[in-house]
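Please open the model in a viewer and keep the sequence at hand.

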Amino acid sequence: MNPVLRKVSSQALYLCRQVLQVALRKVSFCVDYSFCPCRAPVCSRLSAWGGLAQPQERTYRSSPTKGIGRWRHLLPREVPKKKKDKHQIQSIMAATNVAYGTLNIHVSGYDMTTVEHYAQYLHNLCNRLDITVAESYALPTKSTEVMLMQESGTKMYVDSLLKTHKRVIQLSSLKATLCPVLMDILVKNQPEGVNLSVKEHTEADFLARFKARPELEGLMAQMGQ
């Protein structure tokens, strides 16, 4: 036989064997997949009484887990919150020959946005001039009713309601040489409708920050008797 034909026939036999092996693998996989219990027909899963067969009992539910799946111990421990201490009055600094004591700069007006922005400008200005700002807080808003009387009558009615907003910037140890410069800048940049006043800090100014509760004070007075 011609050697060329021998090579061709041997290669053809080799290819045929490879094709048969692949076909056999596919057939075996299909047979295994068809006989898989999860692919069984519905009729085989029916019980003898005409209903669905009962699944096997799950034994792993009664076995101990030994802490598997716990995650609470991985979280950081929460620190208990401390109760806020009652705000106490601070010591009032006395004036000296070189500097003032504790001063309160009051900013008030009917427009809350304008008052807030001007108080913020004052606070930033003090920080730039190296003036110590002890505290910066807001006082309770006060409401004022404007009453009008009719021309031909004595009955009065409410025409408008005005709300006064107040902010306080508390300064400590303000130098006497720097005070005129600060006041000049504040007056020149004072917006319309905003009142500005400066006075020394007293204990009455500290108590004005808190809302009065006469009912509670009366009950405490009765308990003290």
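**From the sheet to the helices**

Begin by selecting M147, which stands opposite V158 in β3. Strands here are DSSP runs of E of at least two residues, helices are runs of H or I of at least four, and both are numbered from the N terminus. The model is predicted: local features need pLDDT of at least 70, side-chain atom pairs count only at pLDDT 80 or more, and totals for chains, interfaces and linings use all residues. Residues are numbered from 1 along each chain as its sequence is written, and side-chain values use heavy atoms, leaving out hydrogens and water.

Next, select β2 together with β3 (residues 156–172); the two pair in the antiparallel sense over 14 bridges. Pairing requires that DSSP find at least two bridges between two strands.

Now display the whole open sheet, whose 4 strands follow the order β2-β3-β1-β4 with antiparallel pairing. β2 (133–149) and β4 (194–200) stand at the edges with a single partner strand each, so one side of each has no neighbour in the sheet.

Contact means heavy atoms within 4.5 Å.

Finally, select Y118, Y121, L122 and L125 in α3, which meet L182, I185 and L186 in α4. The residues of this contact of α3 with α4 comprise 7 nonpolar, no polar and no charged. Nonpolar covers Ala, Val, Leu, Ile, Met, Phe, Trp, Tyr, Cys and Pro; charged covers Asp, Glu, Lys and Arg; the others, Gly among them, are polar.
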